[in-house]
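Let's take a friendly walk through a model with several chains. Have a look at it first, and then we will follow how the chains meet.

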Amino acid sequence: MTNATDIERRPWAGANREYDIVKEFVIAMVVVTALTLGLAFAFGSPDDKNLTLQSWAAASPGDLVATAAQELAGTSGVAGYGPPYNNTPDVSQSIGPINLQELAGVRIPIDTATDFVIRPLEQMPANAATTDAINAWKGATPDQQAKWAGDYADAIDAADGDYTKVAAGDYGPVPVLTGSLLAAAEGGALDGVLLTQGRVYSTDYTLPLLFLADGTYLEDQARAQHLGGDQWGMTNETGSYPGQSWLWLYTFWYQIEPFASSDNADAWVWGLMMVLTVGLMLLPFIPGLRSIPRWIPVHRLIWRDYYKTHAVVKR
Amino acid sequence: MHALSVLQGDLNQPAHYLTVGPVQISLGNLAVIIIMIILFILAITLPFPKGKDRS
Amino acid sequence: MTADLDATPASPADPPPGTHAAESSSTWTGGLLNRWQRTLPPEKLLPDKQPEYVASWIYVFGVATLAALLVIVASGLILTLRGPAWWHQSDPGHYVNSVHLWSVELFFMFMVVHLWGKFWMAAWRGRRAMTWITGVVCFLASVGTAFTGYVIQTNFDAQWIATQAKDGLNSVGIGAWFNVLDVGQMLLFHVAMLPLVLGAIVIWHVLLVRRHGVVPPIDVALYEEETS
């Protein structure tokens with residue numbers, strides 16, 4: 001008895017039609033190129049200017065100062081991130097018992113106080129006040145440092161982000177350190193110093209971008225354009241341009257529970273998407289799913305001419 | 001108006017979003033998806049030219 | 001199918017009639033040559049006929065995807081001529097960037113329509129599972145390559161995407177090695193590593209289609225007599 005599988009496996013032994021593969025390819029190239037050139041001409045592409053530490057300082061100086069205080073206090077996003085930046089305990093994400101974030105280890109080590117504040121200040125020409133502040137900071141114990149910076153960050157928060165109206169208190173050298181950092185940002189020097197870290201060539205923007213992302217300025221700009229994680233932002237683009245709609249399923253999970261409020265959301269979503277992706281790859285071997293095309297016969301439309309012009313073979 | 005500026009090619013305006021339950025989609029992305037669905041439906045329904053036999 | 005002139009069936013190790021037989025199939029080269037001629041002879045690589053059932057517009061979306069990919073590569077190569085900051089400063093540069101963006105949008109649109117078509121045709125039948133699998137891997141590799149492109153735009157969008165994406169990648173340990181905030185690393189991945197990887201998988205996918213032919217209709221056994 002003829003098995004459909006045998007005919008499907010073997011080279012086609014039935015009737016053929018003329019086919020010009022070269023012509024098909026050339027036509028495809030011409031049409032797609034013309035379409036692309038036309039769309040590009042009609043709609044262009046977005047290019048919202050990048051933020052700089054300088055533009056941050058101008059737009060939200062209080063936010064920059066507060067962020068710098070948090071970096072000194074060890075309470076910023078990066079400070080409490082865990083691997084790959086540091087070894088903060090109990091903050092990394094896991095999928096059940098599996099913690100890949102910890103397994104990867106600290107491969108991009110960042111000491112937030114040193115890398116974001118102290119070293120940049122040391123690498124720039126400093127006035128006496130800043131030098132004294134740096135020395136005072138370095139001479140203090142870690143507990144004292146955390147108290148000064150933590151209290152200052154809290155005080156800025158209590159003053160609604162206005163660092164100029166902070167209540168009196170013992171903040172040690174922190175106000176001078178953060179004030180100097182702000183001045184460096186306002187003048188434009190901090191962008192360069194944080195990027196190059198004293199070397200000439202650098203294409204690694206880890207430090208400036210992490211510092212920027214620890215504040216609220218970057219996120220505020222992003223959310224204003226619907227680019228936030230809970231706004232389906234992954235699929236969106238600046239302006240009215242189409243974005244990355246192919247990421248729809250990846251970002252979908254972040255919009256619903258239990259992922260929306262989970263601390264392990266990133267790891268779980270990655271795990272889930274890996275499983276679904278392997279499922280899609282191995283679809284030919286999954287009973288049920290691989291039969292959907294048979295149950296919902298869209299193929300009868302695609303091959304309607306073939307089915308119509310051929311009679312069922314009597315066996 | 002925004003719609004006119006988009007048709008005139010200016011996509012640097014803030015986007016508009018359609019919200020249905022947990023789904024929020026930009027009109028740009030919605031247009032792309034609708035076009036894809038239309039292309040698929042047309043592809044499987046439009047008649048294909050009869051070719052020459054090469055049995 | 002052209003009938004063999006020789007009545008005795010050819011052994012699987014011999015090259016097809018009309019092709020060059022390697023001097024000795026005991027050499028690696030000869031073995032490779034024979035295998036190539038057996039699996040992908042010229043008439044399979046550049047066919048001038050195809051089965052009668054390949055008669056639907058859905059079949060153009062594979063080559064359309066390929067065409068879009070070539071426009072992506074061409075526009076990308078032009079962007080490399082003047083470096084990653086060129087398009088911010090020059091109108092022709094901005095236009096080439098626009099071509100690169102829209103060819104990517106078309107690429108994904110055509111690829112997904114192609115995927116929908118192949119699903120509803122159950123195109124993995126008849127030992128074509130690898131064609132399906134390589135196709136899915138092409139999709140994944142494309143998403144990854146596009147992602148590295150987005151983070152090297154050196155503008156606001158790139159800053160936001162990179163600082164967000166790091167969280168997903170860090171949460172599963174990948175971020176420790178694949179640092180999306182390192183523009184240099186991302187640039188090299190985008191223009192060198194990933195196009196080569198994606199290109200290789202695309203070529204593999206297309207060669208598999210050429211080798212196995214376009215999948216016959218579902219229930220083809222009801223309509224065709226099987227040849228022995």
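A:Glu18 has C:Lys49, in strand 1 of chain C, as its bridge partner. Around this pair, strand 1 (residues 16-18) of chain A runs antiparallel to strand 1 (residues 49-51) of chain C, with 3 bridges. Strands here are DSSP runs of E with at least two residues, helices are runs of H or I with at least four, and both are numbered from the N terminus; two strands pair if DSSP finds at least two bridges between them.

This is a predicted model, where local features need pLDDT of at least 70 and side-chain atom pairs count only at 80 or more, while totals for chains, interfaces and linings use all residues. Residues are numbered from 1 along each chain as its sequence is written, and chains are lettered from A and ligands numbered from 1 in the order in which they are written.

| Chain | Residues in the contact |
|---|---|
| Chain A | 85 residues |
| Chain C | 82 residues |

On the chain A side, helix 2 (residues 21-43) gives the most, with 12 residues.

What about confidence in chain B? Its mean pLDDT (the predictor's confidence in each residue, from 0 to 100) is 88, and 84% of its residues reach 70 or more. Helix 1 (residues 2-7) of chain B is lowest, at a mean of 63, and helix 2 (residues 27-45) of chain B is highest, at 97. Where pLDDT is low, the predicted coordinates should not be read in detail.

Definitions and conventions. Two residues are in contact if their C-beta atoms, placed from the backbone, lie within 7 Å.
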